[in-house]
Structure formats: structure tokens, C-alpha cells
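User: Can you walk me through reading a few features of this model? Start wherever you like.

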Amino acid sequence: MNRALKEHTKELVKQNETGKGISEMAQRGKGNAKIKVKDLNLFYGEKQALFGVSLDINEKEVTALIGPSGCGKSTFLRTLNRMNDLIDSVKITGDIIINDENIYTSSDVIKLRTKVGMVFQKPNLFPMSIYDNVAYGPRGQGIKNKKELDKIVEESLRGAAIWDEVKDRLKTSALGLSGGQQQRVCIARAIAMKPDVILMDEPTSALDPISTLKVEELITQMKEDFTIVIVTHNMQQAARISDKTAFFLNGEVVEYDETDNIFSTPKDQRTEDYVTGRFG
Amino acid sequence: MVIRENFENSLQELKKKISDMGELSIQALENAFIALKTQDVEIALSVIEEDTEVDDLDDEINQFAVWLISKEQPVARDLREIIGALKISSEIERVADFAVNISKATIKIGKSKSLLELTHLEKMKDVSVQMLQKALQSFLEANIVMAKEVSDLEDQVDEYNSETYKTLTNYLREHPEDMDQLLQLIFINRHLERAADHITNIAESTAYLIKGKIYDFNS
């Protein structure tokens, strides 16, 4: 090895020792930020659950929130469509800007939840037909025309990769479907409102492995049209489907970076310990 | 209870196998040189026979690593350690192959009057063994500074290699009657230079698993 190369190698070692050689943490908002969260604090009564959370969530990407139980990731997810408003003792400071609008200064929560849909851990379909479940939201918005509703229902079920499995039994009870199918109908019901953002709170934790993979595949396809934020306890799932990952611990974001970096070369020892299963 | 204690134990076991394999390769290089210096064909043959132990350990490490990856689904540093062990194992296996090649050359030289003192081959072997010891220690202790020192030592091997090549080719012009032995010594010179390259690769893999960044010490 010649002298110039030797010097270059020395420089590389030096850079790495100072941390410069390692790829920089993904610039927040490097892409087109759909959601901008600035210095968000949340209190349940006296107890603070989120501490100064600031991060930008890019449009048409999947952002995964990971962390041990009680770290604040689901609480954070629920702040994105003001679900925490339903709890009396909750107090929130800081800003959440979606589509250039601060959602906590705007009073139109209905409009917000139309644009920011949510899918929960367990399928929560209404005890009515598959068709009526998907058409429920659009009907609530005043769409009565049958042809128009038929179109929305079909498009939404296709978008949730479940159309072929249910097209012949749209009028039968949605509760007769398997858990995996019900969860995809829940996703169709969210899509029917034509949201910009879909929040998912552990959407596959109650599903069998095959249904889980189908939903994961669906999420990957859906990011062409939607911005998706997903809370998951399954780290392999976060690694498979997300573009960026935020690691929460004790109400703070410890590390927020490209998913590749979080699972290959995390910068914070606490992230390393969590993703490698050393705690949590 | 320590979380992932079994996995930690498996990683230690993997490291132990790499360490054992490295020790066998060092022994193979040393024995190959004893055979070359003493022109002892029996020792040379034993180096060739004992290479199967290194090959078996390489297979064992490969299988163990694949099993660990499928069972534990490692990420981050854990994954880099296992992938590092896979790569390092194959580099050590190559180093042991060069010890075999040196032994084969020794057998071909036979009992003809040794011209070894013309060369830096023994010094190259000594530095190579030192490099391998350092590379193994840097892997076992996750020591990046030591990994870098391995690449510095490689420069010495390269210098000895050039000088030995010049000496042997000049000598060949003047003593064509010694061509058979001189050719074998030139081959050994090449084997040792290659062995040092592979040992440097071990240091690079170690640097990667420590820092998560790719280094090119070899160039």
C-alpha cells in the first residue's frame, strides 16, 4: 500500500473515531415533509408522556415508530389526528403541522380525521355488511348516489388488496371474515375517506403470519398514494416496510433516521441495545 | 436474567471457533517454514494433511453462522459480527491454503542446497504471523486501532516481497542451474504476499463490524 493510500486510511480511521465518517443522521424533512412536529410535549394530568418531540414525516413514505411498551409511541401517533382530545386530562404543547395547517389551532377535528385516517391493533368493523362498512364514511359525508358509492367501495377494497376475496359477498356481514381479511377491510374503510395520511397502531399484532405478510405487502403498495405512520413492536416488520424509523424511549425520540441505518448502524447505544433485543 | 443470554453465548462460541481456526493457520505457517528451513518433507506433508482441520472448521463456522442468522434474526452490530465471522473464516482458510502451497514447494525443492538465506522469506513469514495474531486479537477484542496496525505491517511484507523478487530473479540470471529451486522460492514469495493481503482483509472486516463502515486497507 503506498504512502498516499496509507494517509487516506489514517484519515478514514480518524474521521470514524470522531463520528464524521459514519453517514450523517437523515436530515429531518430531507424529502417533502407532510407532517411537521415541533417541540411536542404531552401530559396526562401531572404526568408527562412526551418530551419535546420534533420530527418531520415525509409524504408518501412509511415511517415506523418503535420502542418498548410505555415509551410514548402510540401516544405520539394519536396526537397526529387529535385522538388524545377524547381524554379529559390531556394537555398538549408544541406544534403539529399537516398540509401547512397547525392541527391544534384549527378547530375542524372532523375534517382532520377525514384527512388523517387510522387503523387499530384489532380489526374494529361495524356489525354490518362489508359494503356498508366501507361506505359508512362516504355516506356520512353526504354521498348518497349508489353508483358513486359502488365505485368508492370497489376502489377502496381494491386499494386494500381484498376486492377479489370479498367481491361476491359484499352484502354479507363483515364480521364473518377472517381476522386478516377484517383488518384489510378496516384499511379499505380508511382509504374510502380519501385521506392523505393513514396512521396504523400495531395493525398486524393480532394477525397470523400469512395475513401479516399480506398487510405488510399492502402497506408497501399504499405508500404510492398515502403517507403512512405505523407503530409496531415487530422490528423485522419495521425493517421490511418502512423508509424511516423513529426510536422512542421514555417519551423522547432517541434516534430518527433512515430505516437502513437504524437497523444496520444505529448511532445511539440505546437504539442498538433495543433493536438487537438487549432490552425492552 | 440477561436478555438474549443464549444468543450472547452463541456469538462467543462463534468467536472461539474463529480464534481456534486462526491458531491452526498460524501453526500451519510456522510448520511450513520449519519444513522449508530444515528441508523436512515429513513436516511438509503433515502441514498438507492437517489443512483438512482448518477446512472443517470453516464449514462448521459457515453452518453455525447461517443457523444463527435464521434463528436469531440479528440486526445492527450482531449481524455485522456474524457476517464478519463468515468473511474472516474464509480469509483464514485461504491463509492456511498458502501454508499448504509453501509445503508443496518445499517438497519440490527436496534436498537440493538451500538458497533460502538469499531471501527475506522468513521475515515475511514472521511479519505475516504477527499480522494474523493482531488481526485475530482485533476481532476478538473489537479493537479498531489494532486492525489499522495490521495494514501498516502489510507494507513491510510488500517491501520484503519486492526485494526478494529482485534478488531471486537476478540470482537466476547468474545461476540458471538453480532454476527449479529459485522458481519455488519465487512462488513462496508470492504465496506470502497473498497471505498478507488476506490477513489485511480480516482487519478490514473487523473494522467494518466495529464501525459499520467499509474500509479498504488493501488497495
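**Reading helices and a sheet**

Analyst: Let's start with what covers a helix: the buried residues of α4(A) are covered by elements including α5 (146-159), α6 (163-166) and α7 (179-191) of chain A. Contact here means C-beta atoms, placed from the backbone, within 7 Å. Helices (H or I, at least four residues) and strands (E, at least two) are DSSP runs, numbered from the N terminus. This is a predicted model: local features need pLDDT of at least 70, side-chain atom pairs count only at pLDDT 80 or more, and totals for chains, interfaces and linings use all residues. Residues are numbered from 1 along each chain as its sequence is written, with chains lettered from A and ligands numbered from 1 in the order in which they are written.

User: Which residues are buried in helix α4 of chain A?

Analyst: Buried means 20 or more other C-beta atoms within 10 Å of the residue's own, again placed from the backbone (exposed: 12 or fewer; partly exposed: in between). In α4(A), residues 130-140, that gives I130(A), N133(A), V134(A), A135(A), G137(A) and P138(A). An α-helix has 3.6 residues a turn, so residues three or four places apart point the same way. After α4(A) comes G142(A), with a positive phi near 100 degrees.

User: In what order do the 4 strands of the open sheet in chain A run?

Analyst: Strands pair if DSSP finds at least two bridges between them. Here the order is β2-β1-β4-β5, with antiparallel pairing. β2 (47-58) and β5 (101-102) of chain A are the edges, each pairing on one side only. β1(A), residues 33-44, joins β2(A) through 8 bridges, and A33(A) sits opposite N58(A) of β2(A).

Conventions. Two residues are in contact if their C-beta atoms, placed from the backbone, lie within 7 Å.
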